[in-house]
Structures are given as structure tokens and as C-alpha cells.
Amino acid sequence: MRSSVCLGAMAPLFSLLVPLSALAAGVDKTHGVAPNLLSHYVPLKTASSPGTWKCLDGSKEILWSSVNDDYCDCPDGSDEPGTGACPNSTLYCINEGHIGSSIPASRVNDGLCEAECCDGSDELPGVCPNVCKEVGEAYRKVQEEQRKIRKKGSKIRSSYISFAQKEKKRLEGVIETSTQEIAVREKEVERLRDLVEQSESLSAAALEHRKASPLYETLIAHSNALKSLQREHKKHLEREKELGNILDALRTGYNPNYQDMAVLEAVRGWESLAGLPHINDVGKEEEESDEGAVVKAEEEEEEMDDDEWTAEELEKDLDNLLKTDYVSLLLEHDKHVNSPMTESILFELSSYLPDSLVPQYEAFRDTLVSWLQMLGVIRGGVAQENAGEDSKLRQKLNDAEHSLRQANDEKRKAEKDLNELFDREHYGAEGEWKKLEKTCLEKEVGDYTYEVCLFDEARQKPNKGGQTFSLGKFRSWNPDVQPDDPAYYTKQVYNAGAKCWNGPNRSVMLLLSCGTENTIHTVAEPEKCEYHFTGTSPALCLPLAETAEGKKDEL
Amino acid sequence: MVRPVIFSGALLLLLSIPTSLGFKSQDFKTCAQAGFCRRGRALASRAQDNASWKSPYSVDSSSISVSSGEASFTAGVKSSLYPDVKFGLDVRIHDDGVVRVRMDEVDGLRKRYDEAASWALIAEPKLSREISWTVGKKDVRAVYGTKKENEVVVSLEPLRVSLLRNGKEQVVLNGRSLLHMEHYRTKESSRPEGTPEEGLDEDDAQVVVQVKPNAWFEGEVEDGYWEETFGGNTDTKPKGPESLSLDITFPNHGHVYGIPQHATHLDLPTTTGEDPTYSDPYRLWNSDVFEYLASSPVSLYGSIPVMHAHSAESTVAIFNAVASDTWIDVDHPTLKSTNTHWISESGILDVFIMPGPTPDDIFKQYAKLTGTSALPAHWALGHHQCRWNYISTDDVRSVQQRFDEHDMPVDVFWLDIEYAEEHKYFIWDKKMFPDPVDMMHDVEALGRKMVVIIDPHLKRTDNYPVYKEASDLGVLVKSKSGDAEYEGWCWSGSSAWIDFFNPGAWDWWRGLFKNTSQGDKWSWVDSTESTYIWNDMNEPSVFNGPEISMPRDNVHYGGWEHRDVHNINGMLLPNLTSQALVARSDPPKRPFVLTRSFYAGSQRFGAMWTGDNLGTWDHMAVGISMVLANGIAGMTFAGSDVGGFFGNPEPEMLVRWYQVGAFNPFFRAHAHIDTKRREPYLLDEPYRGMLRDILRLRYTMLPIWYTAFHDANIYGIPVLRPHYVVFPKDEAGFSLDDQYFIGDSGLLVKPVVHKDVTETDVYLAEDQVYYNYFSHYAYRGSSKGKHVTVPAALHEIPLLIRGGSIVTTRERPRRSSPLMQRDPFTLRVALDKVGYAKGQLYLDDGETFSHLEGNIVWRQFVAEKTAKKSKTIRITSSDLVSQNPDAAVEGVSLTKYDPLNAFAKSVESVRVEKMVVMGLGGKPKSVRVDGGEELVSEFTPGVAAEGKKEGAASVLIVKDPGVSIAKDWSIVIEV
């Protein structure tokens, strides 16, 4: 051990005979003084013969001989830069051949040779060799390596910046096109709205009367009920998902060795409900068969009536059904009640259908109608009643409004993207991170593969089957510093991931440094469910010219 | 009969305490749920209700046999309940006046467990050759002591043993006639209608008929004799009833202390009698209690059946050498007396009575029985940083780096169970700890150490060499049949436990810790000679076992049931591990083993901590009284986890907790795996700075702590001394357990354990000046006792130095304590009212056993007036070793001591760099080393030690007197 060697070597240095004066009596008055303070370390020019000296904080005047005498006189510790006698002082090592540096008093004369003091000036003469030549060379070598990486990385980085520039152009294009489209659409909407208003104002009073129809009111009530149900249903689905996550976390996270039978029962219950194998058996089954241990949940065939909607239909079509224009429907209904023609169903069904299905439906309808006409089942080209005319106009208006919304959305999105592109809190001032949006980096550690898709989400994926957990969504860059701090882009926070059993929501701190590749080096979980990833990205490799200056200042 | 009132009372008590959320009361028995305890309490209750109650036990006077030349006698004892059952009594007086009383069943159906004392005692005690017994008609007596002040009286009819001092009863056994040793019987014979089994002789069958007539004493029914089910586990009790009930009375002592470990006050609150604090008795049954309550008689991890009884007149103590489940009721029938009732499940009666008469005498008497606490390695007194878990070798390196970046001292980094692959202890999880030896070398490069956990449960898999070897050796604990390996669940899943009662396990275990290859035998080559050990879960904790431990009918070496040895079982692992650490290096180094479970005698082998506490103010407070209680029972190297194991303490609480920890003998920060990281460097300012100051303060005071540990090692006096120990005659201090003294240094500390405190009261028991350690403010006590108000804002610790003390510190901050070896000393001289002060300093290499060969420095510093009327003060340093050659090191008489021994030489050049003298009467005219030149000094006027004034004391700071710490010198301060 280096320490014992040094301690051993120190012993003979102590004099055995002379009364014990300060061990550092021979220490030079300026030993350990930082270059910028050297001018302060001279005795005060006074007439008195034993020179005096003032503590740097001005609090006390002491004898010049008390400087570096291994006894702390000054409250600010400034009288002992070279001995460590004052707890709050530092010693400056010149480290000729390398870089000078300061160490705290606690490391001065402690028998250990500090790496920061390659010249050995932290210990009494003879204890630590001067190794600055070697240390300096090694340091410069490392610096050179890093410079090379940086150079290569910064080239890649500039390609990211050009990507951002292209993206900028593209987005600007999109904005321009959609702006034009919006203008056209707005006019169209205005025209149609005038028409509809004219048409509908005629029958406004009649409409009010019709709206009082019990059928309409019931329909509205049903619709409201359905909306509420849908809302509640969604809430429950979310709850169920959350519960599932909690139980999954419990299943994988609980200590199966612990004696808590309540937990074990909960885990087994969940496993049977979700059709999962028992967690303790997962590994075993892996070993036994290559097929993997995951048993898919047995989808029980639910019995249901033919006209009942399936879960998928519910999910897809319910929204559209609820978007029905009930006023139009009311008008349709009138017509339907007054003249029981087949037409209304066929022709106006489109108003019940989701937009996406309308074109197919219309094609089908036209074919069907022509067939029916041919067969004489229905009449073609029958004069439309006013109500029908109203409704058609309204439909057109709806379509036009829809298109306008789409155009607006498109524009807004493009504007948002454009803003984020050079937002320092997002893709960086030069947009250098845009290229990496949703780039997924992986690292396998133990039984899991950890993945972070930049600016999106981090995940933990088990290698032997089982549930993938979200470790969090992208939240922000380094929240501890301002965006102009160089450390800002060295840290990303992903949070609000799946909740841990008996713990917090999972989260990730991604620590990045300059490297020629986008990669994750290490994954650790220093606290339960709080992950630290370290990795590199060329997007952090600033061009050499910029950094060189910064570095020089530091030196 | 079951006393349901008590049961529900206990439940209510548990439920009414907010911190009880985690404690699973259903996991642990109450007295009412343990058959023998129920019987014991019922016996006491019958005795109370029966005015003509009389003990059935009496000594057969014809059988008394007194040894010649030794103070011991034996006699037969009969029980009127079972005239045919024979008991034997054995009473001895040791050469130091300790009385040992043993009673066992003779020629019984089985043998009661009688080995408990042999595991606790250091040696068979020497009997007195001077004291002699006088056999009379009614009793056997012996009088002894320098003034013949002690008398032991063994009354024959009924059997009653009492120790008197100056005619006053101090300790009485069976004074309340609750003594009952349940004799062995067969299951069939114990049933009234049962028929004698084949091979059973007529006499046993006779006993059957007499069950009912004994109901006045034993109760109407055979309650829980043969089987007991608790929490789904059935105890088969193959030996049937074998419990021991014993009342121990202290008729003239109103305070009892000890019987750790319980989360309660030092001055034990009552469990019976009028309005008891607790409704259940104190229990001794080593248990892994999850989130234990901060005030409860529930048994915790370790057991020391030692109780001090104290009054202003005298201190006495008993050591009840029993290892089975033991419940102890405490009651004060009057303010000046104490009744205790000890109910044990099995084992013989084996009680040591220590006559005192002072607390210090008790410590010496107890230390003579079970040994003193080991002198720890010096570094072990530094700051320990632990967490469940540092997750990788790089994690450990990074924690070390952060401590150094923030210039916070730390000596030891700890690894909890997750370092071990599948919790196979010793076996590194190479995924996260790929380079363990390199990691330890990185830590050791700064003089630091690592402590790694080794738990007693062995994963039952043949690819685990430790389990495989233990299994092959046949040294694992057996299940109740006695042939199959016992299997239980713990961290490692299906596990087995080494039976350390089996001597066949000893050498093998010692060999495991060698860090060099041992041929065919497995050894821990992935470790270093600076890897130290933490033994946890050694109660033993068994997740699926009854009361989270082993079934009582498990079988140990020699055929003893687990119930017989449970409370001893826990200490054997750390004891052997400590021996293993000594054996692994040559020359040997002092071991360090932290244990959670312990028993009487554990102090010889290492340190303990108070287990899995909670991060609450309540737990912070009770941690202090628990450490004090452990200390007076010998286990003085103790501490509670700083920060609390469970929970996320807010910064204020953490700061206070570090203040508590820094004034514990064992100072470790630890945290549960579910907690946020809370290493001191992680806090924001101003808290971080406060923690750095606290850590540094601990390090400056290491010479004081080490000296106190030396005292504990040679005299058995605890490192932390409660008020009743320091001021045994001051009634007002008998219940104090929130302030205490550190060794004989004169430092009095009262850690703050409450939120939002800015000042606190400190009790001063004497008419003396006490100085604030930091501000030098002089407070005045009073001979009647007095409370003074001491500032205690968050950055302040109420720490006073008693007038008359000299303490030695090292004030240069270092990263770790071994790096302080060459640092100079500062002497603080706190003058008392007559201008006197005294202190001591013990030093050695702190690591090896070379101190046993006299390689030590032990100095005394005295400050006194040069003449009675003079104001001049002379401070001298003299050698204490030559004054006490037979007491300087533990157990060795230094026949030839060289003041210039190798160690003394190595520190000869270490100087006193500063001297601070508090309470001088005025500015000195001169300060000089006797016969030397004038020294540089600085005087700040203030209150003098003499007189009655309070306020900032006068302070003289002497700069660099240039005297060696290892040599004689004197410094004269002429006032």
C-alpha cells in the first residue's frame, strides 16, 4: 500500500532530540501559496525588527515568523498555506511539467502522496517523489485522445446541424403551403356557412319545435349517457392498466424470500388473472424449454349478441358515433317519418358513419343504388325536399370545416416543430439534437435490456420474457442548471414511468458526454426505481476551436 | 386464567402508538400467547391473591455439604408438590464476593440445559478461600467483605437466598415464593386419567394422582404443557413442561436497569403492579422485529440477562445465566423497592449476584465473569458509511470520491447483502462487483477499510461451497427429528444454518476467512486482510419460522433443543467470525465484527447496533437509552443507525441524528434499500456544512473515545456513562437517560432529539463549574442538582466539559483516522473550582496486538496549583503505565515496561501543538515549559473557575508548547 510506505518513510524524518518545535519550521514562507497570492506573502514594511504580517482577511496581524510555522494563527487559515495546520486553508502545488493545483489542508502532511500534487510538495521533502514529468505526459496523451474524439464527434454533430437546417426548410415549406390552403378553406367555409344559415333560419322555429320531440330528447339523453359511460370506461381502463402495472411491479419486484403470505397471494392471484407464469418459475421454464415461459393470457370467448359491438368496435367507432350531428339527424328523421322512402337510409347513412368510412360507403351506395334503380326497386333522381337540402348543405359545411381544421393543425404542428427545433430547452440552439429524436439506444445489463428512445421514452425490457416497464417519458434537460451552462446538455431526465411496488414512479437520469457514437455505457439503479444511464453522443462534441479557448482559461 | 385483559391491553397499547404501523404484533407472542409465561404469570397472580402462600421448595438440611477450603456448599432441595422429585442446590462465593446460586433437577427423566453460563463466562470463576459457610438450623450463612459488611443467607424452609449489606437486604431470591422448576414428566403420566406407559416405573405413575392437589400452586389445568401453536407453527414440545419461575427482589432499591435489548428507558418502567407502563413483561428472546416500536417491552435482537438495582446507598446486580425464552416482570411496590419475576422456558437456575456496592464495582464484578469489551481497532471508532446497498464496485469508488471531494472524514464503507450472488455470502455478484479486491485496495489506499456482510443462513445449493462444506461436515442445525438438515427461508431462499454449538464447525469457519488459497478447502480469496465483517440476521431470522426464527424443537449439537440455546445461538457466529479475522493474518490484527444478536459475553468479540430502527424522532431518542442500557450490561461498543434504517429523514432530523451518532461509541450511517440516498455530501447547505462539522468533531475527539474504550477494556466500565454511574448518590439523576458522560473524560453531552430546538436544559448534579465545549461559557451546578440552559440551535451540540477535566484532541481534519497518526494534539484544561484538573490519554498502534507487549503510551495530565495559596498553576504529564503496570493492558501484567517502547518511540516526535486553559483567575505573567523559554500565549479575560459567576470563561491559549505527547514535562502558568 502506498499509504503505509509513506507513513513508514516519514518516521525517521522526525528529530528525536531537539525540543519539538513546529515540524515545519523549515518550511518556506511561500510554500503552498497560489501564484495569484504570492505578492501578499512578504513581511509588512514596518520599522520594527521582527517583521509582521497581516492575515489575508485583514483580521489579525501576526509575526512574519508565524507564517507557515505549522500553527494556525489566522482565522481564515491564510498563515499556513504550506503546512495544513489550519483546517480551512489550501496548499497550491506548482507541479512543474504538469498543471498546478490546490488541495485542502486535510491532505497536507498526512503521509499520502496526492495525485493532484505530482511534485510531492504536499508532504515534507523526501516523502513523495516528483512524478510530474510522467503524470504530465500521460495527461497530455489523454487530452490528445479526447481532442481526437471531439474532432470526429464534432463533424458528426455538424451533420446533425445540417439535418436540422433541412428540417427547418421543410417545416417552413409546410407552413407556407398550409397557410395558403387555410386561406382557401376559410373562404369556402364562409360561403357554405352563409348558405346554411340562410336555409336553416327559415326553419329555425320549426326546428325548435322538432327538438322538443321526446325521441330527440331521448336521443340526446342517450348520447350524453353514452359519453359519460365512455368517459368512465376510459377511467376504469386506465385504472385497470395502472393496477396491472402495480401488480406487475409487485410480481417482479417483491422479495419472494420474504415471509409475507399476503403479498405472495396477491402475486399468485394476479398471475392467474393475467395468465402469467409464476415469477419464481420464469427462470426455470426458460431453462427447460426454448419456447419461452410466457403463457399468453387465455382470451376467453365472450358470449354476445350479433348486434352487440365488439371491444374493438367500441374503441374505434364509438367516438364517431358520438360525433353525430343530431340536428341533421332530426331533419332526416322528419323526412323519414313523413315519407317512408328507402332512400334516406341509403343516402343519408353517411352522416352516421365515421369520416374514414364515407368514401367506401359512398362508392358502395352508388353501386347499390344503380342496381336497385335498374331493378326498379327505387326511383332515381327524385326531387329532394328542403330538409334534405339543408342537411346536405350542412354536411358540406362540416366537411369544409373539417378540412380547415386539418390545415390549421398541420400548420400549428409545423410551427411547433420549428420552434422546438431551435429551442434551447429542446433540440438545442442549433437544432443539433433533432436528428436524434426517437433514436433508441440499448444496453443489456443482467436480466434486462435497458432502452432509451431519446426525447421519447426509456424502458426496461426483460431478456427472459415478462413485462416491459416504462422507466419514464422525456421530461427535460438538466434541471439543475440554466440552458447556457455547458452541463445543460449532459443530462436528460425521463420521469413518471411505471410505478414501483412500495416505491416511486420509475425514472431515469441519462448522463451524456461527447463521444463518436450514440450509445449507453452503463446502467445503474442507485436508488430503488431511480436509474442512472451514462452514455455518449456526438451531439455533445463542440467544435474544437470553441472548447480550446475555454480549456486554456481553465489551465 | 389466560388474563385476557392483559392481552387486549397490549394490543390497545400497540395500536395507539402512531409509529406502530410497521410493527407486526401478530408475528410475536405476548406473554399470554406463550404457555410457560402464561403459567408463570398465573402463578404470580395466585400468590398475590393467597395470603397463606408459601414456597413449596425447601432445603433438606441433612444433605448440606460444605466444601473444605472453598466457599461453596451443595444441598438437596425438595418440593412439597412432588416429594419424589429431587433438586440439587449449589451456592458459591467467588473471590470477589460474587455469589452464584445454581439449582437443577437431579436424576430427572431428562437433563435440563445447564451450559448457558459456560458460553458467557471467560473462565470458571475462582471461589473464595477466605469466606466460610456457617450451617445453622434454619439457614446457611456466610459473612464477608473488608468490613464484614456482606452477608449471604440461604434459608432452608422455605428455600430463600438473600444478600445483605450492613444488615439491609440487597437481593432476595424466592422472597416472594414464586420459585418453580417444572420437573420432567412423561406426557401420559401428566394426564390424570392417563395410564403409565410401558417401562415407566411406579413412582412416576404416583405423581399423576397428585396433580390436582397442587392446583393451589400450579393451577387447575395443564396449560400448554405438550404442544403450542402460534401463527400457524406448532411447537411439539417433546420434553413437555420444563419452565423455571424465579422471583428476584431488591427490597431497598427503587431503580433497575439493564436486561437489554428493549426499546425503552434506561430506568426500566414497570410491567406489573399499580398502573404499569407496559402490560407485558420484558422479554428476552432474540428476535428480528420488523419496524419495532420506540417504546415497548417486546424482545429485540439480542439478550443480556443482567440487571442492575440501584439506590443512593448501593448498587447491586444479578446475572441470570439462562438462554431460553425469558420474560421479566418489573414492579416497584414502593418507590424504594423493586420486585422482579423471571419466567424462563427451560434451563437450570444459575444466578450470579453481584454485591457492588458501587456501579463501578458492579462493572468490575461483571467483567470478571464475562470479560471486558475488546479494545477495538482505532479506525473502528471513526465514521462508518453503510447503505443497503452500494450496488457496484464503481458505486463504492464513487461514494469514496464524493466524500473526499467534500472533505468529509470517513473510515469504513460497508456492503450489505446485495454484493453476494443470490445472497450466497462470500460469493461476489460479479456482474456488479467484477473487481472486489481492486475496489478494496482503492479504499484501503486512503487508510480506509471495508466491512462486508456475512449472514448465517446458507443457500441450500451444492454450487455454494460454504453450504456444501458445512453440509458435508454435518455441522448444520437439524430439524426436530434430529436427523434431517433444518430448512428455512431467508434472503437466500431455501436456507440452512450452521450449528456453531458444534465444535466441528469452528476450525472450518475460521478457515473460510483466509484470503489465500487453502487447497481443497474453500477460502475467501476475493477478500483482503482489511476486509471486516458484519453479521446480521443471527437471531436467527427465519422468514417462515415461528416468530420469524427457528422452531424451538430444532435440534443442536449435543441434542439440545433450539429453545434451550436460542439466546446464545446468535452470539456464536460473531464470536467465531472475530476469531477467524484474528487467525487470518500474521501478525494478527484486531478484528472488527458487528453483530445484531448478542448475549452476555458478546462484548469480548465486537460491536453491536440497535438493529432496524425507524427514521423518527422517537427512535432517535430511544436509540440513546438503548445504547446506554447495552453499555451497562457490558455491550459498550454500541450505536444506533444514523438517519434511521427506514424512512427518509428531513435534513434537520438527519443533522440531529449525526449529532447523536457522533456521540455513540459506534458511529454508522445506514439506510434501507427503499430510501433515498442520504450520504452527508448529498445535502444542501447549510446542512451539508453542519454534517461536515459534526464528522470532523468526532474525528478531533477520537483520542478521547479511544481512551474511554481503553478504560472499558481494562476495567469493564462502559464508554458511555449514565448519570447514576457517575453520580450514584444523586437521586435526581437516577432516571436520566438523555444525557451522559463519555468515559471519565468529563465530557457531558445531551444530544438534541426533538424538532425545532434552539436551546435545551442540561442537568448538573454537583456544585461544580461546567464549560461549554465550544463557547467556553461557564455554567454552575449545585450540590442539590441544577438545570442550566444550553444553546442548541441546529448547528450546536449541547456538550459540556466538567470542571476538573483535561481532554486531548487532534484538531486537523483528515480523510480517515489512520491518516491522523502523526498529527499533533491539543489539550483542553478545564479548571475546577479549586484550580485543579486531570485527564488521561491512551495511545497504541490501534491495529495490532502489540499493545499486549507493552507497546503503548498512557499518560496522565494534571493541572494543579503549585502551592495552596498560590495562583500559579503547573500542568504536568506523567506516565500512567509505570503507575499501573498490572492494569495498563487487559489481562496482562506488564512485568517489564519500557517507557521508550517501540510505539512510544514512533510517536515521540508528535507534539502538543496547543493548550487551552479555561477558568484561570487572571492574565498570566508568564507561561513556560518548566525550565524553558517563555511560550507564546493569548489570554481572553472572563469568568474564573473559582467563585460563583456564570458567563464566558477566561481562556488562555498557549501556542505550540513544543512538548512531546509521549514524554514527561511540565508547564508553569504564573498568574
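I began with two cysteines and found both A:Cys93 and A:Cys117 buried. Buried here means under 20% relative accessible area, exposed over 50%, and partly exposed in between, with a 1.4 Å probe and protein chains only.

I noted the ground rules next. This is a predicted model, where local features need pLDDT of at least 70, side-chain atom pairs count only at pLDDT 80 or more, and totals for chains, interfaces and linings use all residues. Residues are numbered from 1 along each chain as its sequence is written, chains are lettered from A and ligands numbered from 1 in the order in which they are written, and side-chain values use heavy atoms, with hydrogens and water left out.

**Disulfides**

I looked at what joins the two cysteines. A disulfide links A:Cys93 to A:Cys117, with 1.6 Å from S to S. A:Cys93 sits in strand E3 (residues 90-93) of chain A and A:Cys117 in the loop between strand E4 (101-104) and helix H2 (132-202) of chain A, so the pair ties together parts 24 residues apart in sequence. Helices (H or I, at least four residues) and strands (E, at least two) are DSSP runs, numbered from the N terminus.

I counted a disulfide as a pair of cysteine sulfur atoms within 2.5 Å. By this rule I get 9 disulfides over all chains.

I moved on to A:Cys440 and A:Cys453, which form a disulfide with sulfur atoms 1.9 Å apart. Strand E5 (residues 440-445) of chain A holds A:Cys440 and strand E6 (residues 448-453) of chain A holds A:Cys453, so this pair ties together parts 13 residues apart in sequence. The torsion about their S-S bond is about 110 degrees, so the disulfide is right-handed. A:Cys440 is partly exposed, at 39% relative accessibility. A:Cys453 is buried, at 4%.

I then checked A:Cys500 and A:Cys529, another disulfide, with sulfur atoms 1.6 Å apart. A:Cys500 lies in the loop between strand E9 (491-496) and strand E10 (507-514) of chain A, and A:Cys529 in the loop between strand E11 (519-527) and strand E12 (530-537) of chain A, so the pair ties together parts 29 residues apart in sequence. The link is left-handed, with -100 degrees about the S-S bond. Both A:Cys500 and A:Cys529 are buried.

**A glycine in chain A**

I found A:Gly472 in strand E8 (residues 469-477) of chain A. A:Gly472 is buried, with 0% relative accessible area. A:Ala458 is 14 residues away from A:Gly472 in sequence and 5.5 Å away in space, C-alpha to C-alpha. I listed the contacts of A:Gly472 (heavy atoms within 4.5 Å). Leaving out residues up to four places away in sequence, A:Gly472 touches residues including A:Asp456, A:Tyr494 and A:Arg506.

**Helices in chain B**

I turned to helix H2 (residues 35-49) of chain B, which has 15 residues. H2(B) reaches 21 Å from its first C-alpha to its last, close to the 21 Å expected at 1.5 Å a residue. The expected span is 1.5 Å times one less than the number of residues. In H2(B), 12 of the 15 residues are buried, so the helix is largely enclosed by the rest of the structure. Among them are B:Phe36, B:Cys37 and B:Leu43.
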